[in-house]
Amino acid sequence: MQGEGRAASAALAMAIPLAAGCGAAAGEAAGFGRDAVRSEIRTAVDGAGMPESELPGPGEETGTASPATERERLAVRAAARSTGRQYVGPPVDGARGKCDRTLTGPAGVGRKESGKRFEQPVGEKGDGTAVRVVLEKEGWTLRARHNPSRALGVDILSFTATEDACVQQFTEQEAALLSGEGAEEDAGH
């Protein structure tokens, strides 16, 4: 019996550090937590000269009503495991350069590009180029995107970091529902 109790205690002791870091500021003693990632992104964005947005950043409280559907509850859970900065507003002079400077500034230090960089021309009149980049660092994945839309009269600049260990806790069904693939299943709940 004592051997089983010790084995269970050892397993629990190993599991606690993994769960403690997920979206919890208290678990950030391990080095590179949510506050550090948020600060790094904001420093890089501000240093690149991007404007402030009226919208809350990824993972920030919005003050909206309680989530009513499973998809909304999952979105709240996912937001607690992310941070970042976004701008959706009138076109910004030099927005693409500011996006690139953000990625090579403090937010890019020590990050490795993961996967293929996506770039595609936007609009019929050469309105610009949409870009999506994924970077990884110390257990966090940063998804950066710039989408100029002169037709709509907006620039969309988004830098969202998610904690890998926490995101991996979502089941396949939860991930599908979050991405919109299972939205019809959620409509009845």
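A salt bridge here is a side-chain nitrogen of Lys or Arg within 4 Å of a carboxyl oxygen of Asp or Glu. This is a predicted model, and the structure holds 10 salt bridges. I'll go through some of them.

Start with Glu40 and Arg111. Their closest N and O atoms are 3.2 Å apart, and the two form a salt bridge. The pair links distant parts of the chain: Glu40 sits in helix H2, residues 34-48, while Arg111 is in the loop between helix H4 (95-104) and strand E2 (112-113), 71 residues apart. Are these two residues buried or exposed? Both Glu40 and Arg111 are buried.

Next, Asp46 with Arg85. In this salt bridge the closest N and O atoms are 2.8 Å apart. Again distant parts of the chain are linked, with Asp46 in helix H2 and Arg85 in strand E1, residues 82-89, the separation being 39 residues. Arg85 has a relative accessible area of 8%, so Arg85 is buried. Asp46 has 44% relative accessibility and therefore counts as partly exposed.

Arg96 and Asp100 are both in helix H4, 4 residues apart, which is about one turn of the helix. Their side chains meet in a salt bridge, at 3.4 Å from N to O. What about exposure? Arg96 counts as partly exposed because its relative accessibility is 22%, and buried would mean under 20%. Asp100 is also partly exposed, with a relative accessible area of 28%.

Which residues make up the network around this pair? Arg96, Asp100, Arg117 and Glu119 are linked in a network of salt bridges.

That's what I have on these pairs.

Technical notes
Residues are numbered from 1 along each chain as its sequence is written. This is a predicted model: local features need pLDDT of at least 70, side-chain atom pairs count only at pLDDT 80 or more; totals for chains, interfaces and linings use all residues. Side-chain values use heavy atoms; hydrogens and water are left out. Helices (H or I, at least four residues) and strands (E, at least two) are DSSP runs, numbered from the N terminus. Buried means under 20% relative accessible area, exposed over 50%, partly exposed in between (1.4 Å probe, protein chains only).
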